[in-house]
Amino acid sequence: MDARHILTRTLLGASLAAALPAALGAETVIGSPRAETCFQSALSGDDSLPAIELCTAALLNDPLAPQDRAATYVNRGILQSRRGRHQDAYDDFSRALEMERALVHALINRGNVLVRMKRYDEALTDYDRAVFYSEGRDPLVFFNRSLAYENLGRGAEAREDLVRAVQLDPESPAYREALAAIE
């Protein structure tokens, strides 16, 4: 069964330090109506308790392939994160990574939760792994890692990552605006 990767982006406006993207990724799940609805909730921004409960029901009751189970944990983690339940989100992303250690969007999202928890060094570890597993091709990893660097007072590295994000996705106004804001 093939789990396709879908990326949703909610990016920063003018200030790099102002906020962290709320929704950075969702994993597609095929084979379970509840898991598919969980994915749709993560994709659409529905972070209601019923949506989270539906994800939980899929994880507890549906016969999901391992990659679909991992994707469902990522999707539930995204919903948890949006509700401000950072530890629950962290746990969901960690469970997904126990199943598939190279799941880039789980690494990015766990890094984002760690930034929200002000655990910047740990976030950098996840972002570095995401860079490795994405072979340095995902601009979102560089964009988010720049936020961790900035919060650690490492402006040169933050700028370098934003330059890389713009190189990878020159059409993104958010990446260009963030770069302009720190120059």
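Analyst: A salt bridge is a side-chain nitrogen of Lys or Arg within 4 Å of a carboxyl oxygen of Asp or Glu. In this predicted model, the structure holds 11 salt bridges.

One of them joins the side chains of arginine 76 and aspartate 92, with 2.6 Å from N to O. Arginine 76 belongs to helix α3 (residues 66–82) and aspartate 92 to helix α4 (residues 86–99), so this pair ties together parts that lie 16 residues apart in sequence. Both arginine 76 and aspartate 92 are buried. For aspartate 92, the relative accessibility is 1%, and residues under 20% count as buried.

Aspartate 92 also meets the side chain of arginine 95 in a salt bridge, at 2.9 Å from N to O. Arginine 95 and aspartate 92 are 3 residues apart in helix α4, which means that about one helical turn separates them. Arginine 95 has 33% relative accessibility and therefore counts as partly exposed.

A further salt bridge is formed by arginine 159 and glutamate 183, whose closest N and O atoms are 2.6 Å apart. This pair links distant parts of the chain, since arginine 159 is in helix α8 and glutamate 183 is in the segment after α9, 24 residues apart. Arginine 159 is partly exposed, with a relative accessible area of 38%, whereas glutamate 183 is exposed, with 58%.

Finally, salt bridges that share partners join Arg76, Asp92 and Arg95 into one network.

Definitions and conventions: Residues numbered from 1 in each chain as written. Predicted model: local features only at pLDDT ≥ 70, side-chain atom pairs only at ≥ 80, totals over all residues. Heavy atoms only, no water. Helix = DSSP H or I, 4+ residues; strand = E, 2+ residues; numbered from the N terminus. Buried < 20%, exposed > 50% of the residue type's maximum accessible area, 1.4 Å probe, protein only.
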